[in-house]
Every structure is written in C-alpha cells, then in structure tokens.
Amino acid sequence: GSPNKLLQITFPLSCTPVDGVPNTNCVVSEWTAFGAGSLGTCSAPCGPGTQTRTRTITTAKVGCGSCFEENSLSQTQPCQLTMCPQAEPTFFGAASAATFFSYKTITYTPTTATEYTMTSNCPAASLPFATANHPTVTMGDEASLTFPFGSSFKFFGVDYPQASLCSNGYIYFTGGTCGYQFSTAGHFSEKRISFAGVDLNPGSGGVITSSGGLLSDRIVITFAAVPLYNTDPSVTAQVEMIHSGSEAGVIRMTWGYLLPDNNRQLAIGLSSGSGSVPVGYSSLTLPDLPTTCSGAPDVTTQAPTSSPTTASPTAAPTASPTTASPSQAPSAAPTSSPTTAPPTASPTTKAPTAAAAVPTTAAPTTASPTSSPATFSPTTPSPTASPASTPTTVPTPPPVVPTPGDLADLDSTPAMQFPLPGGNSTRRRTLLQVATNRDSGLYGAGAVKGADAIQSAGDEITMKATLEGKRFSFFPTQRVDIAYTSWDYRVSCVKTVEDTSWKDDSAWTRIFMWDDDSRAINPRGEFRFGGMAHGSIFVGSNGYLTVGGRRTTYSASISNHYYSAHKQISSAFTDLNPRNGGTVKWRDDTNSGSNTGSFTVSYNEISEYGRRDNKYSYQVTMHQSGKIEMYYKKVPVTSRTVVVGISVGKFPRNFFNRDITASPDESVDCASQPNLAVAIPVTMRAPTQEFSTQFAPSGRRLLAVDETIYNGELTGVLSADGDNKTPDFGSASATGNFFDLDKTTLTFAPLAPVGGQAVLGYSVACVDTEISELPMDTSAATLVTLRDDDFRAISFTNSKKFTFFGTEYNNVYIGSNGYLTFGSGDRMYYSHRYYHFRLPRISAMFTDLNPGHSSSGEVHYEQTADSFIVTFTRIKTYSGNYFFTFQIELNFDVGDPGAVKVQPFRISYTDATAGMSRRAIVGASAGSLYRSTYYQNFAQW
C-alpha cells in the first residue's frame, strides 16, 4: 500500500509588542479607475479583453498591526472597447447567455459583397411591424417552406429570387437544409440568416406570420411566442429582409424577451456559407453603437398580386428520430436503428412535448398593415385580441413575451394568495416550475419549487382588507396563441358595493356537503369556461368550483390552485367546513337555447375548519358567455392561507403574488358579455381509437399509465384531466375492446372553421360499415418491399401535395407496422399512444405487423390524378396468428394552395382476423404530444 505521510503544519510565532510603540494597521490608497495609467483602457483594441485597477500601501503596518490588503492590491475585470471586425457577425452559445438580445433591434448592413457589419443596436419596446394583417404561416416541428422576394434579395453578393424558412428560427438559401441541431460549423456551412436559431416547435404553439406581398420593399417574418421543443420557454422575434430601395440588402432583427434555456445552443447572426468557421471568429457581443435609434420604419405598402400566403413547404424534415424499443414492449419483435434518406442530423430521439397544442390559423387578409408597431405587452387590447396600436414600455420584470394581443400566462389566469406581501415584504416573486425535472411527477411542467413560500417577514395584507365588500369580474377574451389557454381572463369592473348587491339565497337549492366534499350541479344550459362549453360543474366545500371532475383537497396554496387535474375557479380556497354551520346553495338562471343566462353559487356563513367564528359569505356568478363575477359580503381576519383566482390546470411560467384587483382592465365594458368562439379540444382534433383487451372503447387516456416506456420517456406525465396514476375515469372493461372495424370505411374530414378561423384538425365524418371490397382497385399498383419494422419513402409525382394538419407534404413514409408518417419515417412496432402521437401520422392498423413474414401478403401503392393509395393485403402480425387487409387513400390538394389547411383521407378494412389480443391504434396524429387524449369509439357512429 501507500506509505504513511505526515502532515506538518507550522503556526507563525506570536507577535511581541515593542514597548512604547502602538500596534497600527497599514493604510492603503483608494482604487484607481479601471484601465487608468500605463495599463491602458483595455488589453485588447477590439473584442473581449481585460482591464485592471490598483491601489498601494501608503502607510506600512507598525508592531503587531495587520495588513490584509497587501494581498489584494489589484483587481481585473473583462472589457471590450469595440467589436472586432467580422464579415459574418454571429452569436453562438447557450440560449441562457443570449438574454442581452432581449428587447433589442440589430441592423446588419452589407459593406462589401463578402462582408456585413452590425451598424445599429437599439432598444426595442415593440416589434417594428404590426402583424394583424400579415398572413399566418402554419409550420410543424422541423418544417421548412419556400417564400419569394418581391424582387431579388442580394445576400453576400448573390441575388436570390426566393429563400426558405426553417421552423427552427432561421432562413436559408439554395442548397440549405432545416435541422434542429446547432453548432458553429453547422451555422457557417450554409448561407443562413439566423434570427433565433434554436430547436423550436411551432407545432405546439405560437404564431408565425409573413408579410408576403403586403410590403413593396421588404419581407417581414415574425415568430410570436413560438416555444422551444419540449419545454415552455418561447421565442418572439421579427426579421426584415429589405430587397429594394436605398436600404437594399439590409437585414434587421428585433427580439422580445428571450427566455433562458441552459440546455440549448442558439445561433443569431449571418453566414456566407463558406463551409468553415471564419478565421478569428469569436462569438458576437453587443457594445453600444453610436447610432440614432428611431421608431418603425416608413415603408410603402402594396396589395399582393397573388394569394398572400405565398410560402409553401418544400422538402420534408431531414432528421429522423431513432426509435429504440420500449423496455416493456414484447421482446419477440426485433427493432433496428432507423435511418433517414438523406440524414443530415444526428438521429437522436427527442423527449415528448408536454401539453402541446395545435394552433388555430387566422385566415390571411390583403389589407394594408397598420404603421404602428405591435407591442410586446399590450395594456388594453380589444376582446378580439388584436395587437395594440401603440407601443408600451418594457415590462419590469418581463416574465414572458406573449403573442401580440395576448396576456402573459400569469396574467391570463390571474390568482392571488392571502395574506399578500406588504410594502416591507421582500420575497414576492416565485418560480412555479423548473423544467426537465422528471422525478417531480410533473414532466414537461417541472418541479414545484418554493411555490408556497411566497411570504416573508414584513407587512402583510389580509383578504378581509382586500376583498370584503368588493365585487369584481373575470372577463374572458380570445387568445391568438392557444398553447397555454384558449382565453385570457382580465380582472375588471372592481367596485366596492353595499350589502344590497348580495342576492337573497333563502329560496335557492341547497347543496348538502360534508367536510372536504364536492358535489356536481347541472345547469339547464351550457356555460363556457377556459374556451370550452360545459354542462356541469363541481362545487367544493373548500371554496372552489372545478370543471371536469371533483376535487376535495383542503390544503390551500397557490401551487395547489394551479396544480389541479381540472380547471378551477378559486373563490375562497381554504380549509372550510359546511358541517359547522352556514349553507351552500345555488340558483339556475341559464337558458338551454342561448348563452345569455347565468347560475350563482352562494357560500353563506361558512366557517373555517376548527374555527367556528371565522365565517365567509360570498357569491360566485358563472355567466353562460364565460364571464365570472364574485362578490364578497363577509370575510374574516384569518392566519390561514386563502387563494382567489382562475386556473386552467396548468402552471404559469412564474408567479408574482400581488393584489389582482388593484389594476383592473379599464377597457372592459362592465355591462357587456363576451362573445367568443368555443375551442375544439386539441386532442379531439386528432380522432383516434385504441383497441385493447384492457379498456372499454372510449374515454380519456393518459400518455403515462402503469407501464414504463423506453428510457423513462413517459414516466410521470401529468394529465390535465386526471391523476397521473389512473389510466382513465373508470373505463376499464372486463370484456375489453377488440378490433371491430372489419368491412368498414372511415372518412376523416377537415373540421369546419370556428369563429371565422380555420381549425387544424379532423373529425370522422362518415362511417360506412357495409363494404365488401376495398374502394380502390390495386391491380395496377406498385409493390413495396418491406421487412419487419421497416419503412419506405415514396414521393408524389406531378408536383402533387397532400396537406396534413396545415403542413404541405410532397412525399409520405409507408411504415410496415400499419401506418403512414409525414416528415420522417418510423420503425416503431409498439403501439402505444405516445408513439402514435409523436409524429404526424395516419395509423390505419398500428400494431406489430410483419410484411416480411414468409406467409404474409403484400403492400402496394398507387398514385391517381386525385389521390394516393396505399394497400396492405393480408399482412400478418409478428406472431403470424392474425392478418389484416386495409387501404388508405389520401386526397391531393386542389385549388388555391394558400387556402388549404387540411385534406381529407379515408381508411377501409375488408379482411381482419377476429379476436386479436394485441393492442392496435387507428386514427390521426398531428405530431404533437398531449398530456392526455380522448379516445373515440368509431363503431358507435
């Protein structure tokens, strides 16, 4: 072994004072200015450097005095006098390091045919261009589309008539690709304009617009609240490419607040596509440039000569995720690592996106844009959620930059926790979610961190002082970005009133409840909440109403308010006990034929648990239109936590506890009622049925149930509609749900517009249960050779395209396991709903099939003038015990490409072995992962 070692420590000898000489500490001078003297102002004439300041000992120590300062006579700090000249100015690094771009406008000006210079760095309280009239561009994850310039755009000395937009926040030119993996080598390998080059997913939220032909001298592309893949932080950015006039060739980028994400690499800047990182490249920083910063540019407008939506997707995404076999999937079916033709990015599997939403798309218009800029944080938007007309100052602190016209998440579902922090309290802001914590049971939302510790030493403001004798409303307005919620709730009409505002409830219907109880009430007419219509609501004994299911928790906190499996209205969420006295009653004034009525729930003299003298009297009125009114007649002085506010079952990105009634929205007419479109639930836009021996035909399913999927991808996924340990709401069935679509054709048709807006989704419009043969003849079809767990990419000929959930495709991937995918191929054989929803997919019979089986049938495809047909004929399962014959027909796009949002398709079955015990999935997927999904029962239609 090692030899023993002796640690020797020597202590300094004690100091012996000199008689008559006092012990005196040394004296040092003041610090010099940084960079003063012979050291110069900065060690580097350009780019990052250092500068130093010094001090000296002016009087030495005496006797046993001390002089600790002698070890600290100089200090160094980073500096930068100016940017070093860079022909291709680019920032590249962690997204969390790019926050200095927030609320900035950067102008890039070509100085030579091979060089751009950053010529201005200006603060930006608003986007330079309002986008209300700009056509919306629908893009999925890893999608690209081509758009033309009004005239050619000169970029690094080359004229380009068109360019391509990648959904990951950059624009590329001829020969480029769209990928989600970012590196300096990748950025500089092709001609790019990266305005927010990071792994984004417009398929799960946000709005993308393009000015098209509305502006005569430039193209303006805007990303509004487009989220990062698999996490909540989002990007708001606008890029101008000026192709005509005195500024021809100039590129201008503007950003909102760029939310940090330490795990992503982000690129902002320009690349000439030389194929290598420029010599002497260093990541761009932003010094103050001597420039005059003005408002929105003065540009001319023109009516577009063609359809405003001129962009159309070109090539399908080039990166195909590798699909590894799930840990609990049957081991009999082998899998191999898939490839993509041609692969351009490392084929790694992305984690699921929590609560991803398919955004609605506003119909394009041809009106001229307003000259006033769209503000990041509008104060008084109209109920139609159009952008504000004048800029506002940058919010402090800026929690998130919403889509113009939308409120931030926190303000969209306002809530407060009593007691409120007063003037001397310090800790007011609390992060409610920390992304990527898989062990928290809140996958995709993150761990609740300090959500309840929002008070601290200092003054406190009680609920009694804030709300007693007060009436106020939650007034809903439509959102553009529905990734978080369909409606904003604006606190409005705050008034201090007399007791005469109390509605006499003596003759109302009593709701008998125990302690920690909840009872359902069913109004005559439907009411609206959270963007959806509802027919019932649960009244909780602990001071809240819930939609979608009952809740009985008594533990009041802001995290328990937002962390609800259901939508919730907290009127006085605290530990109450109706058994101690008082009454809970309700009155139904709704109308079954209109949305003009309301119902009111009255809590009258209800005591806190264990405190009979602490009594609450208040009433909550739910209007059928969606408006909510609260009146507080009596509120006790209490030390207990009480929560008041709105929840849609999701955490806002952060929480700032404050009196939500202190700054009401004065734009709301207190006598009016909202008139809003009812949203179609996102999971019902992708109709799907799971055939299983374990569950009944229909009902809600979670993406994570009792099983653990490969690499923990589904562990702890939280459902917005149920407990993350419960598969569904009692839909388990002893008889199971066996495949019952033999001799059936399902026609999937596009959903009708809602509120004048196109809806990206499908419904099963027709179910024909009496077919005897497949609708399309396959005698002239082309054979596709597929092995087990295989796929083949087939391109459409004659420039045909198929639009699926708003994205145009010019090819399709035929998967051997009974499905078609778009954008990339898939080899997955394990028919779990997670894998179904992970990619844009049509699952005709998603189960473990094996066309390569020695006695299996064949797979064919055929293109006609109007459609593309894929036929699986007597294809056996992997075990060889069952076989299926089915056909998928895709209807090609017709008419104006800009008007096409989704195209119909149909699936037909003529030959299916009865009694298969293996799970199978049939339906559509937009390629967005939801916390839960509602399964259909196609046969019942």
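Reply: A residue is called buried under 20% relative accessible area, exposed over 50%, and partly exposed in between (1.4 Å probe, protein chains only). By this rule Ser 216, with a relative accessibility of 24%, is partly exposed. The model is predicted: local features need pLDDT of at least 70, side-chain atom pairs count only at pLDDT 80 or more, and totals for chains, interfaces and linings use all residues. Residues are numbered from 1 along each chain as its sequence is written, and side-chain values use heavy atoms, with hydrogens and water left out.

Ser 216 sits in the loop that links strand 14 (207-210) to strand 15 (218-227). Helices (H or I, at least four residues) and strands (E, at least two) are DSSP runs, numbered from the N terminus. The C-alpha atoms of Ser 216 and Gly 150 are 6.8 Å apart in space, although 66 residues separate the two in sequence.

A network of salt bridges links Asp 217, Arg 218, Glu 240, Glu 247 and Arg 252. The term salt bridge requires a side-chain nitrogen of Lys or Arg within 4 Å of a carboxyl oxygen of Asp or Glu. Side chains of opposite charge can pair when their charged atoms come close.

The count for the chain is 25 salt bridges. In one of them, Lys 634 meets Glu 605 at 3.4 Å, N to O. Because Lys 634 belongs to strand 38 (residues 628-634) and Glu 605 to strand 36 (residues 598-608), this pair ties together parts that are 29 residues apart in sequence. Lys 634 is partly exposed at 32% relative accessibility, and Glu 605 is partly exposed at 27%.

Another salt bridge joins the side chains of Arg 919 and Glu 690 (3.7 Å, N to O). Arg 919 lies in the loop between strand 55 (905-912) and strand 56 (920-926) and Glu 690 in strand 41 (residues 688-691), so parts 229 residues apart in sequence are tied together. Both Arg 919 and Glu 690 are buried.

In a further pair, the closest N and O atoms of Arg 906 and Glu 889 are 2.5 Å apart. Since Arg 906 is in strand 55 and Glu 889 in strand 54 (residues 883-891), the parts that they tie together are 17 residues apart in sequence. Arg 906 is partly exposed at 27%, whereas Glu 889 is buried at 8%.

Two strands pair if DSSP finds at least two bridges between them. Strand 28 (residues 518-521) runs antiparallel to strand 31 and is joined to it by 4 bridges; here Ala 520 stands opposite Phe 538. Strand 32 (residues 544-547) is also antiparallel to strand 31, with 3 bridges, and Leu 545 is the bridge partner of Val 539. The hairpin of strand 31 and strand 32 has 3 residues between the strands, and Gly 543 takes a positive phi near 85° in it.

As for the chain as a whole, it has 5 helices and 57 strands, and 57% of its 941 residues are buried. Among contacts (heavy atoms within 4.5 Å) between residues at least 6 apart in sequence, 72% join residues at least 24 apart.
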